[in-house]
Amino acid sequence: MGAKPMLVFSLTLTAILQTLSSYGSHQWYLTTIWAITRIAMCWVWPSAVRVVAFWFADDNIGTAMAVLSQAFYLGDAVSRAYLSSLLALGLDWREVLPYRNLLIGHIIYSISLSRSSTYSN
């Protein structure tokens with residue numbers, strides 16, 4: 001499987017697993033879903049690195065990877081603030097999950113539309 005399909009697959013699997021986590025309340029269920037989700041999320045980074053490598057010239061890959069690394073942390077902080085604001089509005093943690101999955105769906109859609117060909121001058 002190529003990098004772009006693997007990236008879309010792993011993000012989709014993550015969204016599905018996160019949706020499934022809202023249907024359980026037992027510790028064994030939530031722990032199992034969490035563990036499988038972490039495995040699926042581990043596939044995201046290597047796939048993202050391979051996809052981004054095609055978007056930039058060799059001279060710019062280091063800078064692009066530095067920005068991608070920081071965007072990873074910045075995105076986490078922004079998503080936590082976004083989801084916290086939903087919790088502050090009085091939503092239950094199970095009601096917040098669909099909003100997170102909408103965001104993940106938007107990311108998946110954006111990646112699927114991105115160009116996958118190599119960089120050309």
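**Figure 1. Order of secondary structure elements along the chain.** Read along the sequence, the predicted model follows the pattern α-α-α-α-α. Its secondary structure amounts to five helices and zero strands. The C-alpha trace spans about 50 × 30 × 20 Å along its principal axes. Of the 121 residues, 27% count as buried. Among contacts between residues at least 6 apart in sequence, 65% join residues at least 24 apart.

**Figure 2. Stacked aromatic pair of Phe-9 and Trp-43.** The structure holds two aromatic pairs. In the pair shown here, the rings of Phe-9 and Trp-43 lie 6.2 Å apart, centre to centre, with 25° between their planes. The pair is classed as stacked because planes under 30 degrees apart fall into that class. Phe-9 belongs to helix H1 (residues 3–21). Trp-43 sits in the loop between helix H2 (27–42) and helix H3 (44–53).

**Figure 3. Edge-to-face pair of Trp-28 and Tyr-29.** The ring centres of Trp-28 and Tyr-29 are 5.9 Å apart. Their planes meet at 85°, so the pair is edge-to-face; the cut-off for this class is over 60 degrees. Trp-28 counts as exposed because its relative accessibility is 59%, where exposed requires over 50%.

**Figure 4. Crossing of helices H4 and H5.** Helix H4 covers residues 61–88 and helix H5 covers residues 93–113. Their axes come within 10 Å and cross at roughly 140°. This angle makes H4 oblique to H5, because only angles over 145 degrees would count as roughly antiparallel. The crossing in which H4 passes H5 is right-handed.

**Figure 5. Residues in the contact of H4 with H5.** On the H4 side, the contact is made by Tyr-82, Leu-83, Leu-86 and Leu-87. H5 contributes Trp-93, Val-96, Tyr-99 and Arg-100. By class, the residues of this contact divide into seven nonpolar, no polar and one charged.

Terms used. Residues are numbered from 1 along each chain as its sequence is written. This is a predicted model: local features need pLDDT of at least 70, side-chain atom pairs count only at pLDDT 80 or more; totals for chains, interfaces and linings use all residues. Side-chain values use heavy atoms; hydrogens and water are left out. Rings of Phe, Tyr and Trp (its six-membered ring) pair if their centres lie within 6.5 Å; planes under 30 degrees apart count as stacked, over 60 as edge-to-face and the rest as tilted. Helices (H or I, at least four residues) and strands (E, at least two) are DSSP runs, numbered from the N terminus. Buried means under 20% relative accessible area, exposed over 50%, partly exposed in between (1.4 Å probe, protein chains only). Axes are lines fitted to C-alpha atoms, for helices over the stretch in contact, and angles run from 0 to 180 degrees between N-to-C directions. Angles under 35 degrees count as roughly parallel, over 145 as roughly antiparallel, 65 to 115 as roughly perpendicular and the rest as oblique. A crossing is left-handed if the near helix is turned anticlockwise from the far one by less than a right angle, and right-handed if clockwise. Contact means heavy atoms within 4.5 Å. Ala, Val, Leu, Ile, Met, Phe, Trp, Tyr, Cys and Pro count as nonpolar, Asp, Glu, Lys and Arg as charged, and the others, Gly among them, as polar.
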